[in-house]
Amino acid sequence: MRLGTIRMMVAGVLVIGYVAFGSTPVQSQDSFQQETSASMTFDIPAQPLINALIAFSAQTGMQVLYEGAIAQDVWSPGATGTLLPAEALHSLLRNTGLSYRTTPNGTVTLERGSLPPLPPASSVAPPEQPFASQGASAQMQPGRKPVKVPEIVVKDIRERDDDAASYVAEESSTATRTDTPMIQVPQSVGVVTRRLMDDQKAIRVEQALRNVSGVAIGYSAQGRAANDTMFCRGFPCAFFKNNLRNDDFQQSFAFRDIANMQRLEVLKGPASVLYGRSEPGGIINILTKQPLADRYASIEQIVGSYDFYRTMVDATGPLDEKKTLLYRINGAYENTGSFRDFVHGQRYFIAPAFAWKPSSNTTVTIESEYIRDRLSSDGGLPAIGRNIAPIPRTRFLGEPFDSTGVEEARVSLRVAHRFNDNWQIESQFRADESTIIGHFTNPGSVQADNQTLTRLLFDQLADTSSYYWRNDVIGKATTGSIKHNVLTGVEIGRQSGSLDIATAPFGTINIYNPIYNQTLVPSLTKARLVRTFANAVGVYIQDQVEVFPNFHVLAGARGDYFYQHSMSANGDTKAENVGFSPRIGVTYQPIQPVAFYANVTRSFQPTFGPFAAVNNLYIPTTGTQFEAGMKADIVPGRLTSTLAVYRILKKNVLATDPSNFLFQIQTGAQRSQGIEYDLTAQLTPAWKVIATYAYTDARVAADTVIAVGNRLPLIARHTGSFWTTYDFQGGMLSGFGVGAGLYLVGERAGDINNTFELPGYVRTDAALYYRKQDVFSHTNLVAQLNIQNLLDQNYYSGGFQTRGASAFAGAPLTFYGSVKLEFN
C-alpha cells in the first residue's frame with residue numbers, strides 16, 4: 001500500500017462520515033422545573049462552581065451530573081434567598097456558559113449552552129413554601145401533594161476530555177492497558193494533560209515532555225528525520241500512538257503534530273511486556289482526542305516571533321439524535337520562519353475520527369491523520385575543542401537550498417466490545433505510510449584551522465510502511481478471596497522501507513564568515529541503497545492480582561518473534577530474533593492515599609533499521625530494570641506525587657559511530673541509575689502546579705572501544721522543571737490568569753566519546769491569560785500570551801552526537817500570542 005492509497009483513505013474517512021452519517025441534529029432541552037414546585041431558603045455564596053454544586057446537593061438532596069471538563073475552574077455567582085430548586089440552579093449557573101438537561105428518568109446533567117427560561121411564577125409554588133427533600137425538613141402547603149423530586153447527586157463524570165481542565169491525572173491506561181488507578185500501578189508513569197499543553201502553548205511534543213522527570217531532548221533540528229527524538233532514563237524513548245507503535249525513522253519522520261493530542265503518557269522503564277521491542281528507558285504513548293457526544297467546536301489562531309503563524313480547529317459532536325454516531329475533526333496549518341538564518345517551514349495537518357456505538361457495550365472507531373511538511377534542513381552548530389563553536393546561535397552552516405519534504409498518512413480501526421461487567425475485548429489495526437525527500441548539505445567536521453567546516457551533499461528519497469494489528473482480551477475473575485484482572489493478547493505486524501540516495505563532496509564553509517551559494521551544485525542520480533522488510537509476532541499475558549485490598553501484585557510476560565530481510569547491492573541478508581520479556585511488580589498501600597511499589601522488568605530490542613542492511617553479527621539488546629518508589633494521592637484528583645529510584649543495565653548496545661552519524665557500533669553495555677520526583681497539584685480551583693526533578697547517571701558499563709565510565713550523550717545528571725498558573729476567580733481581575741515556570745538542564749556530554757560538552761542552562765517562561773465565557777452567544781473566548789525564554793538565555797537543547805552537528809541552539813526570547821473561540 002503506497003502513501004497515496006492511505007492518503008485517499010484519510011479523505012475517504014471524511015467523505016464516508018459526511019455521506020453516511022449526515023448532519024448534526026439539534027439536541028432537545030428538557031426541564032425539571034415543573035417537577036420541583038416547592039421552595040426553600042438558600043445561602044450559597046459566590047465560589048467555585050464545583051463547591052457550589054456540592055452545597056446545593058447537600059441542601060436539596062438532589063443529584064447533579066456533570067463532566068469535570070466543563071465544571072472545572074468555573075466561578076459560580078451563588079444563590080441566596082427563598083427560591084425554587086430550579087431557580088437556585090439557574091442562579092448558580094448564571095454567567096457560567098453552562099446549562100442543564102434532563103432525561104425521562106429525571107437525571108439532571110450540566111452541559112455547555114444557554115440556560116432555559118424559568119417558567120411563569122403562577123406555575124410554581126409561592127416562594128415562602130419550603131421544599132420537601134431528602135435530608136431536609138419541609139412543611140407542605142395545606143391541600144397540596146408533595147412533589148417527587150428526581151434523586152440525582154453531584155457527580156463528576158470522568159472522561160478522557162477532562163484533561164482539558166486539570167494538570168492532575170488519576171488514571172493511566174498505558175502501564176497496564178486496563179483502567180487502573182495510577183497509585184496501584186507498580187511502575188512510574190508521567191502524564192501531560194491537554195490543559196497543561198494549552199497553558200504552556202506547547203507547539204511541539206518535546207516542549208510538552210519537559211514536564212516529565214527523566215525525559216530529555218535528543219534531536220530537535222528542523223527538517224531532519226525523527227525530529228521528536230527523546231531520551232527516557234538515559235535511553236531513546238519509543239513512541240506509541242493509542243497503544244500502537246509510532247517509531248522514529250519508521251512510522252514517523254516529521255514533528256508529531258500536537259493538534260489532536262489529548263494527553264501524553266510516559267511509562268518509565270522497560271515496556272516490552274505489553275508493547276514488544278523497545279528501549280529499556282521507557283515509552284511515550286500519545287492518546288488522541290476522541291469523538292464526544294456533546295457538541296463542541298473551537299478555532300485558535302497563534303501568532304509568534306520569527307514569523308510564526310499557526311491555525312488550529314477542533315470540532316466534535318453527535319451525528320444522529322440518539323448519539324450513536326459521533327465525529328471529531330482536528331486540523332492545523334502552520335507557516336513559520338526561524339531565528340536561524342534561511343530556516344523556514346510550512347505544514348498541513350488534518351485528523352478526522354468517527355465513532356459508532358450500536359449499543360452501550362460496543363464502540364467502533366475510525367481515526368486517520370495526514371501530514372504534509374515542507375521544511376528547511378538545519379544541521380545545527382559544530383564543536384571546537386570541548387565546547388560548542390563560539391558563533392551566533394542564528395548562524396546557519398548549510399546552503400539556502402537545503403530542504404526536506406515529508407508526507408505521512410495513517411488510518412486506524414478500533415473495535416471494543418464489553419460482554420458483561422467482567423469481560424471485554426478490543427481489536428485495533430493501523431496502517432502507516434511515510435515518505436521523506438531531502439536535498440541538503442550535511443556537516444562533516446571542523447578542520448585543524450578551527451574555522452573551516454567540511455560538508456557533503458545529500459539527495460535522498462526514503463519510504464516506509466507498516467501494518468499492525470493488536471487484539472486484547474480483558475477479564476476479571478476470583479480465586480477464593482483473591483481478585484484477578486487478566487489481560488492477554490496477540491500482536492502481529494509488518495514493516496518495510498527503502499532508501500534511494502546519492503552523495504557527493506560539497507564546498508567547505510567558514511563558520512565565522514560564511515558565504516553561501518559559492519559552490520556549483522552537482523547533478524546527482526539517486527540509486528537504491530537498500531530495501532528491507534520485517535515481520536513481527538508477539539503474544540503476551542498479564543495478571544493484576546488483588547491479594548488484599550491494600551496489596552496488589554502485577555505479573556506478566558511477552559514472547560516476541562522478529563524476522564528481518566534486506567536487499568541491497570551486496571545481496572540479500574536475513575535475521576531471526578526471539579525475545580522473552582517478563583515483568584513483576586508489587587504495590588502496598590499502608591493507608592489509602594500512600595503506596596509503596598517495586599518492580600523488575602525487562603526489554604527486548606532487535607537491531608532493526610528500515611534503511612540498513614540486516615547484519616547477523618548484531619544481536620538484540622536487552623535491558624533489565626530494578627525500580628522502587630512511593631506514590632501519594634493525598635487529595636484525590638488534586639495532589640499527587642511519585643518518587644522513584646531505579647537502576648537499568650542494557651546489554652549488546654548500539655551507539656552512534658562518532659566518525660559517521662549514519663552508522664552505528666555495538667559497544668557492549670550501558671547502565672543508567674537515578675532518582676526521579678514528580679508532583680502535580682490543583683491546590684485550589686484557581687491554582688495549579690506541576691514540578692519535577694531527576695538525577696540521571698547514565699554511563700558506558702562495558703566496551704572494547706569506548707572508555708568505560710563515559711557518560712551517555714545528551715543526558716544531564718540534573719534536570720528539573722516547575723510550572724504554576726493562577727486564575728483570578730472574582731473581582732476586577734475575574735477571568736484573568738498568570739503563569740510562570742523554570743526549566744533546568746545540567747551540562748551534557750555531546751558524544752559517546754565525551755570529546756565535547758553542551759553547557760547547562762536555566763530557562764524561564766511566563767504567560768498571561770484572559771478567559772471569558774459567553775463573550776458572544778454560545779461562544780467562549782481564551783486570549784493568551786506566552787513568553788518563552790523570558791531572560792533570553794543562550795542555550796542548546798540537543799544535538800546529533802557528532803562534532804560537526806554537535807548542538808541545536810534553543811530559541812531566544814520568544815512571544816506567542818493566541819486567540820481561541822470555543823463554540824457550544
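The model is predicted. Strand 44 (residues 814-823) pairs antiparallel with strand 17 (residues 296-304) and with strand 41 (residues 779-788). Strand 41 in turn pairs antiparallel with strand 40 (residues 761-776).

- In strand 44, Thr-814, Tyr-816, Ser-818, Lys-820 and Glu-822 point to one face and are buried.
- Eight bridges connect strand 17 with strand 44, and Gln-301 has Val-819 of strand 44 as its bridge partner.
- Strand 41 and strand 44 are joined by ten bridges, with Asn-786 standing opposite Tyr-816 of strand 44.

**Strands 40 and 41**

- Strand 41 is mostly covered, with eight of its ten residues buried.
- Eight bridges link strand 40 to strand 41; the bridge partner of Tyr-770 is Ala-783 in strand 41.
- Two residues lie between the strands in the hairpin of strand 40 and strand 41, where His-778 adopts a positive phi near 60°.

**Helix 2**

- Helix 2 (residues 49-60) has twelve residues and, at 1.5 Å a residue, should span 16 Å; this agrees with its end C-alpha atoms, which are 16 Å apart.
- Its buried residues are Leu-49, Ile-50, Ala-52, Leu-53, Phe-56, Ser-57 and Thr-60.
- Viewed down the axis of helix 2, these buried residues fall within an arc of 160°, so they line one face of the helix.
- An α-helix has 3.6 residues a turn, so residues three or four places apart point the same way.

Definitions and conventions: Residues numbered from 1 in each chain as written. Predicted model: local features only at pLDDT ≥ 70, side-chain atom pairs only at ≥ 80, totals over all residues. Heavy atoms only, no water. Buried < 20%, exposed > 50% of the residue type's maximum accessible area, 1.4 Å probe, protein only. Helix = DSSP H or I, 4+ residues; strand = E, 2+ residues; numbered from the N terminus. Pairing = 2+ DSSP bridges. Expected span 1.5 Å × (residues − 1). Arc of directions from axis to C-beta.
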